[in-house]
Amino acid sequence: MPESEKSRFQKFLLSMSGEYEMIIRRKFNKRSRKQDGWYFGLVLPMIGDAMGETDLPYVHACMKDRFLSITKMDKKGITHKATGRYAKLTTEQAGNYIEKVRHFAAEFYSLDIPDPDKEWNSNAILLEQFEE
């Protein structure tokens with residue numbers, strides 16, 4: 001940060017009254033729309049079909065419960081389970097999560113879920129050019 005900005009920032013901080021909390025964390029990219037499209041448009045429907053389940057939000061909840069959950073024991077020995085939120089995953093975390101889902105589908109349902117088509121967007125643009 002340039003000196004002039006540091007000085008401005010320090011003056012701003014000194015001008016504040018009361019108690020404040022500042023959190024500084026590394027910025028991560030949220031999962032991408034392409035990841036979401038592939039996951040919700042191909043991965044979940046394939047798994048749902050193998051499960052005999054047409055309710056995709058339920059299939060999604062099952063996968064989150066399996067791969068985004070943590071179980072902890074409190075000081076009295078009682079276990080608690082909490083399921084994480086897919087919406088809060090970074091691009092990298094979402095990729096890792098989806099890979100776990102794919103491995104699960106391969107192992108338990110013998111599904112071979114294809115990799116996302118890196119050219120899907122450019123193909124759609126080319127198809128639009130030929131439509132009248």
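## Aromatic pairs

Eight aromatic pairs are counted in this predicted model, where rings of Phe, Tyr and Trp (its six-membered ring) pair if their centres lie within 6.5 Å, and planes under 30 degrees apart count as stacked, over 60 as edge-to-face and the rest as tilted. One of them joins Y86 and Y97, a tilted pair with 5.6 Å centre to centre and 55 degrees between the planes. The pair links distant parts of the chain, eleven residues apart: Y86 sits in the loop between strand 2 (79–83) and helix 4, and Y97 in helix 4. Both Y86 and Y97 are buried. For F104 and F108, the ring centres are 4.9 Å apart and the planes stand at 40 degrees, so this pair is tilted as well.

F104 and F108 are four residues apart in helix 4, and therefore separated by about one helical turn. Their exposure can be read from relative accessible area (buried means under 20%, exposed over 50%, partly exposed in between, with a 1.4 Å probe and protein chains only). F104 has 9% and is buried, whereas F108 has 52% and is exposed. Elsewhere, ring pairs link Y39, F40, Y86 and Y97 into a cluster.

## Basis and overall layout

The model is predicted: local features need pLDDT of at least 70, and side-chain atom pairs count only at pLDDT 80 or more, while totals for chains, interfaces and linings use all residues. Residues are numbered from 1 along each chain as its sequence is written, and side-chain values use heavy atoms, with hydrogens and water left out.

The protein chain has five helices and two strands, which are DSSP runs numbered from the N terminus (helices H or I, at least four residues; strands E, at least two). Their pattern along the sequence is α-α-α-β-β-α-α. Of the 132 residues in the protein chain, 18% are buried. Contact here means heavy atoms within 4.5 Å. Among contacts between residues at least 6 apart in sequence, 54% join residues at least 24 apart.

## Helix 2 against helix 3

Helix 2 (residues 33–51) and helix 3 (residues 56–67) have axes that come within 9 Å and cross at roughly 90 degrees. The two helices are therefore roughly perpendicular to each other. On the helix 2 side the contact is made by Y39, F40, L44, P45, I47, G48 and M51, and on the helix 3 side by L56, Y58, V59, H60, C62 and M63. These residues divide into eleven nonpolar, two polar and no charged. In this classing, Ala, Val, Leu, Ile, Met, Phe, Trp, Tyr, Cys and Pro count as nonpolar, Asp, Glu, Lys and Arg as charged, and the others, Gly among them, as polar.

For the axes and angles, lines are fitted to C-alpha atoms, for helices over the stretch in contact, and angles run from 0 to 180 degrees between N-to-C directions. Angles under 35 degrees count as roughly parallel, over 145 as roughly antiparallel, 65 to 115 as roughly perpendicular and the rest as oblique.

## Helix 3 against helix 4

Helix 3 packs on helix 4 at an angle of about 105 degrees, with the axes 10 Å apart. Helix 3 is therefore roughly perpendicular to helix 4. H60, M63, K64, R66 and F67 of helix 3 meet Y97, K100, V101 and F104 of helix 4. By class, this contact has five nonpolar, one polar and three charged residues.

## The nonpolar core

The largest nonpolar core has 18 residues, and Y39, V43, I47, M63, Y86 and Y97 touch the most other members. Helix 2, helix 3 and helix 4 (91–109) are the elements that give two or more residues to this core. Helix 4 has the largest share, six residues. A core of this kind is a set of buried Ala, Val, Leu, Ile, Met, Phe, Trp, Tyr and Cys residues joined through side-chain atoms within 4.5 Å.

Apart from neighbours within four places in sequence, Y97 is in contact with Y39, H60, M63, K64, F67, L68, Y86 and L89.

## Individual residues

D36 is in helix 2 and is buried, with a relative accessible area of 17%. Leaving aside neighbours within four places in sequence, D36 contacts R31, G41 and Y86. R33 also lies in helix 2, but R33 is exposed, at 78% relative accessible area.

S110 is in the loop between helix 4 and helix 5 (120–130). Although S110 is not a glycine, its phi is positive, about 55 degrees. S110 is exposed, with a relative accessible area of 65%.
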